[in-house]
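Me: I would like to go through this chain with you. Could we begin with its surface and then turn to the fold and local details?

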Amino acid sequence: MRLLMLGAPGAGKGTQASRLAEHFGIEHVGSGDLLRREVAAATPLGRLVRGYLEGGDLVADQLMLDVVGPWIQDAPGFVLDGFPRNLEQADAAERRGLFRGGDLDGAIYLEVHPD
């Protein structure tokens, strides 16, 4: 099972992704977790990511794809939350073949009423 969990900050993506991962016996990873792994491993990508994280900025779309893309392609099963975070990332991921037919079992969008 390969799922994306999407929604606004605070919508419960991490909570629901953890529950789904446990239910299906697959890994739950947040896109932020992947970024922090790269930084901790001091990879070339991690060194680029570090500047964004230290500055409190969103990581550039292309860099996000470089970090998340290989993981999506290699992971046998997952619930990934926080990616894609915008239409540009989704389009770029599709162009790279990350979401081609059969690669994902679904995407879940959590919408929470403002009240």
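Me: What does the accessible surface of the chain come to?
Reply: In this predicted model, the accessible surface of the chain is about 6700 Å². Carbon and sulfur atoms account for 52% of that surface.

Me: And what percentage of the residues is buried?
Reply: Of the 115 residues in the chain, 38% are buried.

Me: Now the fold. How many helices and strands are there?
Reply: The chain has 5 helices and 4 strands. Read from the N terminus, the order of the elements is β-α-β-α-α-α-β-α-β. The radius of gyration is 14 Å, close to the 13 Å given by the globule rule for 115 residues, so the chain is as compact as a globular protein of that length.

Me: What does the C-alpha trace span along its principal axes?
Reply: The spans are about 35 × 35 × 25 Å.

Me: What share of the contacts with a separation of 6 or more comes from residues 24 or more positions apart?
Reply: Such residues account for 67% of those contacts.

Me: Let us move to helix packing. At what angle do helix 2 and helix 3 pack?
Reply: Helix 2, residues 31-40, and helix 3, residues 44-54, pack at about 115°, and their axes are 7 Å apart. The crossing of helix 2 past helix 3 is left-handed.

Me: Which residues meet there?
Reply: From helix 2, the residues are L35, E38 and V39. Their partners in helix 3 are L45, G46, V49, R50 and L53. Sorted by class, this contact has 5 nonpolar, 1 polar and 2 charged residues.

Me: What lies in the loop between those two helices?
Reply: A42 is located in the loop between helix 2 and helix 3. Its phi is near 55°, which is a positive value in a residue other than glycine.

Me: Why does A42 count as partly exposed?
Reply: A42 counts as partly exposed because its relative accessibility is 44%, and that class covers values between the 20% limit for buried and the 50% limit for exposed.

Me: A change of topic: which residues does the cis peptide bond join?
Reply: The cis peptide bond joins F83 and P84, with omega at about -5°.

Me: Where does P84 lie?
Reply: P84 is in the loop that runs between strand 3, residues 78-81, and helix 5, residues 87-95.

Notes:
Residues are numbered from 1 along each chain as its sequence is written. This is a predicted model: local features need pLDDT of at least 70, side-chain atom pairs count only at pLDDT 80 or more; totals for chains, interfaces and linings use all residues. Side-chain values use heavy atoms; hydrogens and water are left out. Axes are lines fitted to C-alpha atoms, for helices over the stretch in contact, and angles run from 0 to 180 degrees between N-to-C directions. A crossing is left-handed if the near helix is turned anticlockwise from the far one by less than a right angle, and right-handed if clockwise. Contact means heavy atoms within 4.5 Å. Ala, Val, Leu, Ile, Met, Phe, Trp, Tyr, Cys and Pro count as nonpolar, Asp, Glu, Lys and Arg as charged, and the others, Gly among them, as polar. Buried means under 20% relative accessible area, exposed over 50%, partly exposed in between (1.4 Å probe, protein chains only). The radius of gyration is taken over C-alpha atoms; the globule rule is 2.2 Å times the number of residues to the power 0.38. Accessible areas come from the Shrake-Rupley method with a 1.4 Å probe; for residues, only the protein chains shown count as cover.
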